[in-house]
Amino acid sequence: MDLSPAAVGRAVSEVFDRVGVHPRIERLDRGFSWVTLGVDDVIVRVAPRGGPLDPYDPEVEAANLRRVAGIVPAPRVLAVQSGPDNPIGRPFGVHTRVPGRVLRLAAVTEHQPEYIAAAAAALGQLHNMTAPITVAEAYDAELDRTEAVYRRAAPNRHPEFEAALVWLRAHRPDCDETAVWCHGDFRFANLSWTAPGELGGILDWERVWAGDPMCDVAFTHRFSGWCTIEDSDDYGHPIDQERLAYAARFERVRSFTASMRAIRAWLDGRTDDPRLLTIGRRGEQAMKTELDWATN
């Protein structure tokens with residue numbers, strides 16, 4: 001896969017005539033997933049050959065971004081190249097840049113309440129968007145999908161993970177409330193800020209699903225450090241503590257599929273990034289201690 005500035009520039013210029021043949025290229029991603037590049041005034045999201053969210057489809061993220069357009073601040077889709085027949089050799093999406101910049105949690109030592117309030121309000125706006133199924137149906141569908149990912153990706157059986165799936169099915173909330181569109185990865189690292197407490201945009205929309213809003217809330221508790229949603233004041237929706245407790249376990253189980261897919265990509269030879277192998281091994285070790293509630 002050619003991710004050189006020249007190759008990326010040629011690929012983008014084929015889609016947008018206004019982008020020159022020698023655009024300014026900067027690598028923006030810091031993780032192990034999408035290859036994200038800034039190309040002048042646009043963002044290019046290139047699907048890797050394998051990783052913790054495999055398979056990667058820029059059409060999925062584009063559909064999610066189009067769905068939330070005008071509802072919450074987010075990138076706007078400019079174009080999608082679904083197939084590999086382009087100078088990059090991989091599918092990619094082209095989006096607008098959102099204003100502001102992503103901050104590190106540890107770097108924010110002031111105005112934390114303002115950041116939390118803005119994040120909560122934005123998530124509340126997203127959760128105003130309902131989906132045509134109930135919360136119970138959404139959980140059933142996502143548990144089926146999670147199990148399918150496990151069967152496909154896990155190189156070995158994981159009794160702890162399987163026991164957790166059984167527990168989640170047995171204790172699934174019998175909730176007939178209407179499901180909402182959930183971000184699936186809502187945390188401080190995916191928020192761009194123009195000023196303290198002023199949200200410029202929400203990033204990384206590939207994990208959107210129709211589900212229980214408590215899952216996004218629980219996700220902030222697990223993965224967003226001090227920027228967690230604790231009450232309804234700015235969020236604008238009631239927080240059901242019983243469902244929140246279930247959602248926290250549900251999100252933890254789902255998160256382990258990332259480590260499984262990472263190690264599967266390594267074993268299949270679709271990546272030679274040793275960091276993905278490390279992620280896979282750490283995930284396997286963590287399951288033994290972090291899913292013990294399923295058998296107690």
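**Close-up views of a predicted model**

View 1. Trp193 stands opposite Leu199 in β10. Strands are DSSP runs of E with at least two residues, helices are runs of H or I with at least four, and both are numbered from the N terminus. Residues are numbered from 1 along each chain as its sequence is written, and side-chain values use heavy atoms, without hydrogens and water.

**View 2. Three strands make an open sheet.** The order is β6-β9-β10, with antiparallel pairing. Two strands pair if DSSP finds at least two bridges between them. Four bridges join β9 (residues 191-195) to β10. At the edges lie β6 (101-102) and β10 (198-202), each pairing on one side only. Helix α3 (residues 112-126) packs on the sheet and touches β9 and β10. Contact means heavy atoms within 4.5 Å.

**View 3. The second largest pocket holds about 540 Å³ of space.** A pocket is an open set of points on a 1 Å grid over the protein atoms alone, where a 1.4 Å probe fits, with protein on both sides within 12 Å along at least five of seven lines; lining residues have an atom within 4 Å of a point. The volume is the space filled by probe spheres set on the points. Of 24 lining residues, Val60, Arg145, Glu206, Arg207 and Arg261 are the closest to the centre. α4 gives the most, with seven residues.

Definitions and conventions: This is a predicted model: local features need pLDDT of at least 70, side-chain atom pairs count only at pLDDT 80 or more; totals for chains, interfaces and linings use all residues. Axes are lines fitted to C-alpha atoms, for helices over the stretch in contact, and angles run from 0 to 180 degrees between N-to-C directions.
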